[in-house]
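Opened a new notebook page for this one. I wanted the overall fold first, then helix packing, then a few side chains.

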Amino acid sequence: MKERTQKSNTFFGGAAILAVSIAIVKIIGALYKIPLGRILGDVGFGHFNNAYAIYNLLLMISTAGLPVAMSKTISEANALDRRNQVNRVFRVALVTFVILGSISSLVMFVFAQPLANLQGDSLAAPAVRVMALSCFFVCTMSAYRGYAQGHSDMVPTAVSQVLEALTKLG
């Protein structure tokens, strides 16, 4: 029974940490989106939103559930005390995320103009190119987030989400 209570406390503690970080991320998002809209005006903000839609699509394709699967696999290997399997899963996942992030970033940078044209906004291409490198870094961070979550440690995920939002704000 003690083990079940400890797992429950870990779960609720992790959930609370993530809830607080999500609230902070939302506040930071409002801090940059509202002034950005005023600075860029309606037309510029429209270009930004079109570029951001492309970024989100490629990021979603690059990470599509992989951090959760990695977290689950690492958690199961930890429960069975299989340290070698944990390390192997992390190494394979990290290489996979780096490759997927590199491909997504390359696609965004090289094909920025055709992607912007598909959105019906040819002027969004420079914004797509600027966002390209962040796709690589977010994919790579996903491997570390999945690893930490597999160890029931939500703090690195929370901190990385806040840092990601602060980077966007900057």
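My entries follow, going from the whole chain down to single residues.

**Ground rules.** I'm working with a predicted model, where local features need pLDDT of at least 70 and side-chain atom pairs count only at pLDDT 80 or more, while totals for chains, interfaces and linings use all residues. Residues are numbered from 1 along each chain as its sequence is written, and side-chain values use heavy atoms, with hydrogens and water left out.

**Overall.** I looked up the secondary structure and got six helices and zero strands. From the N terminus the order is α-α-α-α-α-α. For helices I used DSSP runs of H or I, at least four residues, and for strands runs of E, at least two, numbered from the N terminus. Along the principal axes, the C-alpha atoms fill a box of roughly 60 × 30 × 20 Å. I noted that 34% of the 170 residues count as buried (under 20% relative accessible area with a 1.4 Å probe, protein chains only; exposed is over 50%, partly exposed in between). Of the contacts with a separation of 6 or more, 74% come from residues 24 or more positions apart; a contact is heavy atoms within 4.5 Å.

**Annotation check.** The unreviewed UniProt entry puts "transmembrane region" on residues 12-32, 52-69, 89-111 and 123-144. Such annotations may be inferred rather than shown by experiment, and positions are in the numbering used here, with feature names shortened. I checked two of the spans against the model. Residues 12-32 are 100% helix and 0% strand, with end C-alpha atoms 30 Å apart. Residues 52-69 come out at 89% helix and 0% strand, and there the end C-alpha atoms are 26 Å apart.

**α2 on α3.** How do α2 and α3 pack? Helix α2 (residues 66-79) meets helix α3 (residues 83-110) at about 170°, with axes 8 Å apart. That makes the pair roughly antiparallel (over 145 degrees; under 35 is roughly parallel, 65 to 115 roughly perpendicular, the rest oblique). The axes are lines fitted to C-alpha atoms over the stretch in contact, and angles run from 0 to 180 degrees between N-to-C directions. Contact residues include Met 70, Thr 73 and Ile 74 of α2 and Val 89, Phe 90 and Phe 97 of α3. By class I have 11 nonpolar, three polar and one charged. Nonpolar here is Ala, Val, Leu, Ile, Met, Phe, Trp, Tyr, Cys and Pro; charged is Asp, Glu, Lys and Arg; the others, Gly among them, are polar.

**α3 on α5.** These axes come within 8 Å and cross at roughly 170°, so α3 is roughly antiparallel to α5. The contact of α3 with α5 divides into 18 nonpolar, six polar and two charged residues. I then picked out Thr 140, which sits in helix α5 (residues 125-150). Thr 140 is buried at 15% relative accessible area. Leaving out residues up to four places away in sequence, Thr 140 touches Leu 94, Phe 97 and Val 98.

**Aromatics.** I found six aromatic pairs (ring centres of Phe, Tyr or Trp, its six-membered ring, within 6.5 Å; planes under 30 degrees apart are stacked, over 60 edge-to-face, the rest tilted). One of them, Phe 48 with Tyr 52, is stacked at 5.7 Å centre to centre and 25° between the planes. Phe 48 and Tyr 52 are about one helical turn apart because they are four residues apart in helix α1 (residues 2-63). Phe 48 is buried at 14% relative accessible area, and Tyr 52 is buried at 17%. Phe 45, Phe 48, Tyr 52 and Tyr 55 make up one aromatic cluster.
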